[in-house]
Amino acid sequence: MTSEERHEARYQRRVKKRQERRLALSKSCGDFEDVFSYENLYQSGHICCRGVSWKSSTQTYRFNLVTNTAATRRALLDGTYKSRGFIEFDLYDRGKMRHIRSIHISERVVQRTLCDKVINPTLKPSFIYDNGASTENKGIDFALNRLSCHLQRHYRKYGREGYVLLFDFSNYFANAQHWPVSRELAKRVHDVRIRALANECLDNFGPIGYGLGSQISQTAALMLPNKLDHFIKEKLGIKGYARYMDDGYLIHPSKEYLKECLTRMKEVCDSLGIILNTKKTKIKKLSEGFKFLQIRFKLTETGKVLRKMSFESIKKIRRKLKKFKLWNIEGRVVKIAGKLVRRVFPLSDICSAYESWRGHMKRGNSFHAVERMDLYFKKLFGFHPNNKIEWRKALCT
């Protein structure tokens with residue numbers, strides 16, 4: 001046996017062992033009947049109703065939760081389960097018009113059970129640690145903290161000398177391919193019916209693209225560039241790399257090497273059907289600062305990482321507070337039972353919205369910006385947000 005043949009034999013043994021571990025993990029999740037048991041569906045129904053109990057469809061479904069759960073399980077086991085279609089609407093968010101295709105509450109229950117009991121446990125071990133979106137115990141704060149950590153590690157080795165490659169996927173959800181995720185499901189999920197249901201949920205959005213507002217779409221969107229994540233970490237050797245859904249960065253002391261990385265990344269993206277956004281994909285010097293997830297990062301000469309929140313966020317909350325004040329005085333026109341009615345916008349809703357903005361601003365070094373906005377809030381509504389007595393009174397109104 002030659003050296004190449006021994007290497008190939010060792011490689012095939014490792015591949016076989018990895019596949020055995022994948023199937024063992026999948027079998028530990030259970031078969032189709034175990035996953036979609038009455039208890040799992042009933043529990044998922046309660047979870048899906050949290051936070052949206054104000055919707056009439058949710059109230060109707062929860063009122064008949066026992067019979068709805070039994071009917072859903074019967075349809076799944078009989079093979080007669082079908083999608084009920086989508087509730088489609090457009091949402092203007094962060095300067096973009098996004099087309100949302102929301103699924104019915106009964107389908108959310110099925111997808112919740114499918115993802116929580118099978119898809120997430122089987123796919124999560126393949127994710128890199130720095131893949132932080134839509135994952136338990138991770139999120140935007142995790143992604144921002146990891147970037148700060150990578151910058152500090154880079155500073156300890158190279159100082160402020162270095163570059164960052166920022167990349168973004170063009171129209172990611174609308175252009176996402178299904179076959180890479182289906183291929184991974186075939187390798188990692190042993191039950192044929194579970195795989196067929198997962199693929200059906202994805203194919204309901206069309207031959208290409210995933211839908212915003214669907215749990216399985218979020219998981220599939222995490223999995224699609226997983227090959228790219230491992231390629232950057234393992235083949236290119238970039239330690240300072242992380243990705244948050246369709247946004248990512250690579251930190252390295254050499255600009256020329258980052259250009260080479262970008263060229264090789266395009267090849268991997270082409271193989272997955274992912275399109276890089278040429279306008280947002282760029283290489284910047286670390287000492288000049290850069291923006292990631294709408295937050296500007298700057299590495300100072302002492303090695304401290306400063307986060308500056310977007311100025312657009314400050315302008316937007318000022319406009320909102322002005323409009324909230326007008327609605328609080330004159331009322332807001334809303335549609336109730338087909339009729340336009342003017343209703344007063346309660347101060348409690350205003351305080352909740354402003355407190356949410358303050359919580360977002362705490363992610364960055366924006367103490368003075370929040371302080372100035374607190375004074376503006378006091379000018380409009382007559383009390384300072386730090387005045388807890390008046391704040392509690394407002395929330396109780």
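## Basis

Two residues are in contact when heavy atoms lie within 4.5 Å. The model is predicted.

## Helix α3 against helix α5

Helix α3 covers residues 38-49 and helix α5 covers residues 65-78; their axes are 9 Å apart and form an angle of about 130 degrees. At that angle α3 is oblique to α5. The crossing of α3 over α5 is right-handed.

On the α3 side, the contact is made by Tyr38, Leu41, Tyr42, Gly45 and His46. Their counterparts in α5 are Leu65, Val66, Thr69, Ala70, Arg73 and Leu76. By class, the residues of this contact between α3 and α5 comprise seven nonpolar, three polar and one charged.

## Helix α3 against helix α6

Helix α6 spans residues 105-123, and α3 packs on α6 at an angle of about 115 degrees with the axes 8 Å apart. Because angles from 65 to 115 degrees count as roughly perpendicular, α3 is described as roughly perpendicular to α6. Here too the handedness can be stated: α3 passes α6 in a right-handed crossing.

From α3, the residues that meet α6 are Asn40, Leu41, Gln43, Ser44, Gly45, Ile47 and Cys48. The α6 residues they meet are Ile105, Arg108, Val109, Arg112, Thr113 and Lys117. The contact of α3 with α6 consists of five nonpolar, five polar and three charged residues.

## Residues of α3 in both contacts

Leu41 and Gly45 of α3 are listed in the contact with α5, and Leu41 and Gly45 are also listed in the contact with α6.

Key. Residues numbered from 1 in each chain as written. Predicted model: local features only at pLDDT ≥ 70, side-chain atom pairs only at ≥ 80, totals over all residues. Heavy atoms only, no water. Axes fitted to C-alpha atoms, helices over the stretch in contact; angles between N-to-C directions. Helix = DSSP H or I, 4+ residues; strand = E, 2+ residues; numbered from the N terminus. Parallel < 35°, antiparallel > 145°, perpendicular 65-115°, else oblique. Left-handed = near helix turned anticlockwise from the far one by under 90°. Nonpolar A, V, L, I, M, F, W, Y, C, P; charged D, E, K, R; others polar.
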